[in-house]
Amino acid sequence: GTLYVTEGATLGGRVLRRRIETRLGPVPARFLDGHGDHTQPMWRDLGRLGDRYVDGGWDRQLARQAALQAFAAFTTWAGKTS
């Protein structure tokens with residue numbers, strides 16, 4: 001679940017960078033590139049691994065809880081830095 005959240009952020013970062021650069025032109029935002037051209041294939045691989053190893057109801061519940069905890073931790077962190 002935590003890996004889902006962190007790897008999902010790499011996809012979001014790439015979307016953000018494209019939108020920012022569309023409006024502002026090239027900017028020093030390489031940190032938003034995720035895994036570069038490998039981001040999308042790695043995301044698909046993660047989905048396949050999830051399907052392979054998170055195969056039961058209990059596993060899915062644990063993964064869901066871990067994802068929610070990761071989102072909550074990020075929200076807490078982001079609230080402290082603003």
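User: In which helix does Ala70 lie?

Analyst: Ala70 lies in helix 3, which covers residues 57-81. The model is a predicted one.

User: Is Ala70 buried or exposed?

Analyst: The relative accessibility of Ala70 is 16%, and buried means under 20%, so Ala70 counts as buried.

User: Which residues is Ala70 in contact with, leaving aside neighbours within four places in sequence?

Analyst: Those contacts are with Thr2 and Val5. Val5 is itself one of the buried residues of helix 1.

User: Which residues of helix 1 are buried?

Analyst: In helix 1 the buried residues are Val5, Glu7, Thr10, Gly13 and Arg17. Helix 1 has 23 residues and spans 32 Å between its first and last C-alpha, close to the expected 33 Å. Just after helix 1, Gly25 has a positive phi of about 85 degrees.

User: How do I read the packing of helix 1 and helix 2?

Analyst: Two packed helices are described by the angle between their axes and the distance between those axes. Here the axes of helix 1 (residues 2-24) and helix 2 (residues 39-53) come within 10 Å and cross at roughly 155 degrees. The two are therefore roughly antiparallel, and the crossing is left-handed.

User: Which residues make the contact?

Analyst: Helix 1 contributes Leu3, Tyr4, Glu7, Gly8, Thr10, Leu11 and Arg14, and helix 2 contributes Thr39, Gln40, Trp43 and Leu46. By type, 5 are nonpolar, 4 polar and 2 charged.

Methods. Residues are numbered from 1 along each chain as its sequence is written. This is a predicted model: local features need pLDDT of at least 70, side-chain atom pairs count only at pLDDT 80 or more; totals for chains, interfaces and linings use all residues. Side-chain values use heavy atoms; hydrogens and water are left out. Axes are lines fitted to C-alpha atoms, for helices over the stretch in contact, and angles run from 0 to 180 degrees between N-to-C directions. Helices (H or I, at least four residues) and strands (E, at least two) are DSSP runs, numbered from the N terminus. Angles under 35 degrees count as roughly parallel, over 145 as roughly antiparallel, 65 to 115 as roughly perpendicular and the rest as oblique. A crossing is left-handed if the near helix is turned anticlockwise from the far one by less than a right angle, and right-handed if clockwise. Contact means heavy atoms within 4.5 Å. Ala, Val, Leu, Ile, Met, Phe, Trp, Tyr, Cys and Pro count as nonpolar, Asp, Glu, Lys and Arg as charged, and the others, Gly among them, as polar. Buried means under 20% relative accessible area, exposed over 50%, partly exposed in between (1.4 Å probe, protein chains only). The expected span of a helix is 1.5 Å times one less than its number of residues.
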